[in-house]
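Please look at the structure below with the sequence beside it.

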Protein chains: 4
Amino acid sequence: MSDRVAREAPVPWVDAEEATGIGFDRLVFFSDAVFAIAMTLLVIDVRLPELAGRVGDADLAAALSELWPRIFAYALSFTVIGLYWLAHWRRYMLVRRADDRLALLNLVLLGLVAFIPFPTSILGEYGVLPVAVAFYAIVLGLAGLAGTAGWLYAASHHQLRPTVTSIDIRAGVVRGLVVPVVFFGSLLALPLVGPAGTELLWLLAFPALWVVESSIRRADRSRRATDDQATI
Amino acid sequence: MSDRVAREAPVPWVDAEEATGIGFDRLVFFSDAVFAIAMTLLVIDVRLPELAGRVGDADLAAALSELWPRIFAYALSFTVIGLYWLAHWRRYMLVRRADDRLALLNLVLLGLVAFIPFPTSILGEYGVLPVAVAFYAIVLGLAGLAGTAGWLYAASHHQLRPTVTSIDIRAGVVRGLVVPVVFFGSLLALPLVGPAGTELLWLLAFPALWVVESSIRRADRSRRATDDQATI
Amino acid sequence: MSDRVAREAPVPWVDAEEATGIGFDRLVFFSDAVFAIAMTLLVIDVRLPELAGRVGDADLAAALSELWPRIFAYALSFTVIGLYWLAHWRRYMLVRRADDRLALLNLVLLGLVAFIPFPTSILGEYGVLPVAVAFYAIVLGLAGLAGTAGWLYAASHHQLRPTVTSIDIRAGVVRGLVVPVVFFGSLLALPLVGPAGTELLWLLAFPALWVVESSIRRADRSRRATDDQATI
Amino acid sequence: MSDRVAREAPVPWVDAEEATGIGFDRLVFFSDAVFAIAMTLLVIDVRLPELAGRVGDADLAAALSELWPRIFAYALSFTVIGLYWLAHWRRYMLVRRADDRLALLNLVLLGLVAFIPFPTSILGEYGVLPVAVAFYAIVLGLAGLAGTAGWLYAASHHQLRPTVTSIDIRAGVVRGLVVPVVFFGSLLALPLVGPAGTELLWLLAFPALWVVESSIRRADRSRRATDDQATI
């Protein structure tokens, strides 16, 4: 923080209409709070139905086992929002200042993230219906796109740290599109593979992310090795 | 932060009864948390009614499409609280210290913001009734006024950074009044245009804010150009 | 923060088993989050009952006006938790480090604060019954005592900043006891004045706090004036 | 913070793919938010059933006294999550940087912590059934293990501060295993002592933690005394 403040100190707040130092910190901590609350509110929809009559051990075990679709929805949404938070976290480490429009774009992202408990609840209850699956895929895909839009805005308005290269920017876009591509792509497969098949398809996002991540790092390393040779 | 601490360090905590450094940071991060939670709790009221009998795809689609008033209420409240947070964010970048009374005024603002999920829930369910629309407009308008009151208090008690001019202060007031003026003004139009018309009127707050924002910046730029000439 | 880190840097983390710097910041920001969430969750209990049949404007207005006990409970609890947060905020500006036991005492305080939405909900629904009033007074009084206990612990274990005098410590205790004294004292009055009278009594806490605050400051100022004379 | 930034500044963000400074702060504050929200949401399940007919003082008192299982579940879960937070707090004071995998492991911990309100709700309602008790013990035990897994990962990937010794690392593991060992161990006792007996067994975690804590400190002190002698 002091490093950020020090770097930006000559730019006075009012003139620049841009946030550095504490203003920048508030933006990211506020975002963290929204992500954290959205993730934690998901559990509210994991609850038993009213069990009628005298409830015994077998009844409770049966009721719990019927909750698996909701627990799956909880785990899936928690993981996807968690990955979106990780992407936000990594991106904003490379952002050095924020203007009003980046803050607004960030609000759009947060509005979509804070909305995710709703499609999650529907997926948990009606996961066997195509409408529930499509609605979930659309909202989660849009949230992923909004995050990437913020990154592109920051990149094209000189709001990234000077050490960030155009290759880093492109890598950030590619990383950011993996999950939305899986969600929107799954909509095409929905008529063919049905709701359950589509939900399985979504799980492909995790290995896909891992493959993209690894190949970005590999490319990065070989590029840097070449740079070092060129320097010699 | 370190820049703030450094600037204020000679003022000892106890004597000044005023918060700088970590005390100031806590005030804003605490406020951020309340804003973020209020915004994220809004989604709790976006939920399907219990669907009776065997629910098919068409039933779910129908139930979802009937939820638009609640989704509209969610999006509207999220955006307005988001704008209030943006205003808070911009204002407190210019505040350099806080005393107990500013903290209390801030609590009044937070109490109104944290209350917004209630009128939002009523608007989502009874948006066709004038009472629901009026109640919503009043609570959201009051929250906007409370934010501006805090700004005026800080300005009139020498709690702003020395670089803030009286023109900046006035601009902060004008900006802060746009949304409350639209909400309270819409109450006058309510008997004429009805609930739906009033809700449409509220959307005017967004372009109005944009116009005010742009003209403040334009004035700022031309003023500064004149200053530069005068200096030469 | 940097000022805190700088001051404490020579004390290594592991040996001291005490938190300064980021550890201390986490403790207060974590506390802020619990306070903020408890305050914002209060609104969940301000909700309309299911209105049966075709709901008109008059029905909604009537239902809203019947909610005043719940809105009063919301406002009261929000204000009291807000004041407890303010007390926490002011106290921890004077704390310079924290050990495990202070963190545990702080957890007890947070556990009581996070519990407040429950007695608030009961007060909002059954505020005409003495049991509801007594339960509310006890929980809120205990939360106030827990805050003061943490302050006394920090004071008696050399965890306050060196500039804090024994007079400041006593003033912190007196301030901290005003609200609990009003709540526990109101229990004695409950059989005489009834639930509604007791709820009115609670409102005395606010002017009482103001009187105590003013007299502490006056004493502080006159004491300091005397000190200055003595120095001359 | 500035101390952290200063220490790590030569390592550029992009190359290291690791978070220090603000990135590290976000990771811990984000975790704090999830812990705080999970703890505060627990109160949502402490609520009275709908009381039918004219409710008198005796009815309310009876309804409140029947809530003790839920209040016990609230207090237990609040305390255990609080202890897990304390462990997280103490561990991350010793972590000096974080990579993606540590962030992911931390997400697994947070996903389990955020899930705790669900088994708590079941324990509060069906605490007399073995299935409820076993489910609670498993989820809370897993959350404890996930925290310790993160600690081991950080230790084995050179992400701890250089002053942390292998003895400190082992002590962190031992501390972290006390609560999970009690929870998983209690599953073995469940058939013998029944649900109520198992819940009592859990309370053993608190003195056990205290004993482990004290003996670690004692060992630490005697070891250090020996070191000092050796130095002389």
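A residue is called buried when its relative accessible area is under 20%, exposed when that area is over 50%, and partly exposed in between, with a 1.4 Å probe and protein chains only. The model is a predicted one, in which local features need pLDDT of at least 70 and side-chain atom pairs count only at pLDDT 80 or more, whereas totals for chains, interfaces and linings use all residues. Residues are numbered from 1 along each chain as its sequence is written, chains are lettered from A and ligands numbered from 1 in the order in which they are written, and side-chain values use heavy atoms, with hydrogens and water left out.

Chain A has ten helices and two strands, where helices (H or I, at least four residues) and strands (E, at least two) are DSSP runs numbered from the N terminus. Read from the N terminus on, the elements of chain A follow the order α-α-β-α-α-α-β-α-α-α-α-α. Of the 232 residues in chain A, 59% are buried.

Leu145(A), which lies in helix α8 of chain A, is partly exposed, its relative accessible area being 35%.

How do two packed helices get described? By the angle between their axes and the distance between the axes. In chain B, the axes of helix α8 (residues 130–156) and helix α9 (residues 166–202) come within 9 Å and cross at roughly 175°, so α8(B) is roughly antiparallel to α9(B). Axes here are lines fitted to C-alpha atoms, for helices over the stretch in contact, with angles running from 0 to 180 degrees between N-to-C directions; angles under 35 degrees count as roughly parallel, over 145 as roughly antiparallel, 65 to 115 as roughly perpendicular and the rest as oblique.

Over all chains, 33 salt bridges are found, each being a side-chain nitrogen of Lys or Arg within 4 Å of a carboxyl oxygen of Asp or Glu. One of them pairs Asp45(C) with Arg47(D), with the closest N and O atoms 3.7 Å apart. Asp45(C) lies in the loop between α3 (21–41) and α4 (57–65) of chain C, and Arg47(D) in the loop between α3 (21–41) and α4 (57–65) of chain D, so this pair joins two chains. Asp45(C) counts as buried at 15% relative accessibility, whereas Arg47(D), at 35%, counts as partly exposed.

Within chain C, Arg70(C) forms a salt bridge with Glu125(C), and the closest N and O atoms are 3.3 Å apart. This pair links distant parts of the chain, for Arg70(C) is in helix α5 (residues 68–94) and Glu125(C) in helix α7 (residues 117–126), 55 residues apart. Arg70(C) is buried at 18% relative accessible area, while Glu125(C) is partly exposed at 40%. Finally, a network of salt bridges links Arg90(A), Arg175(A), Glu213(A), Arg217(A) and Asp100(D).
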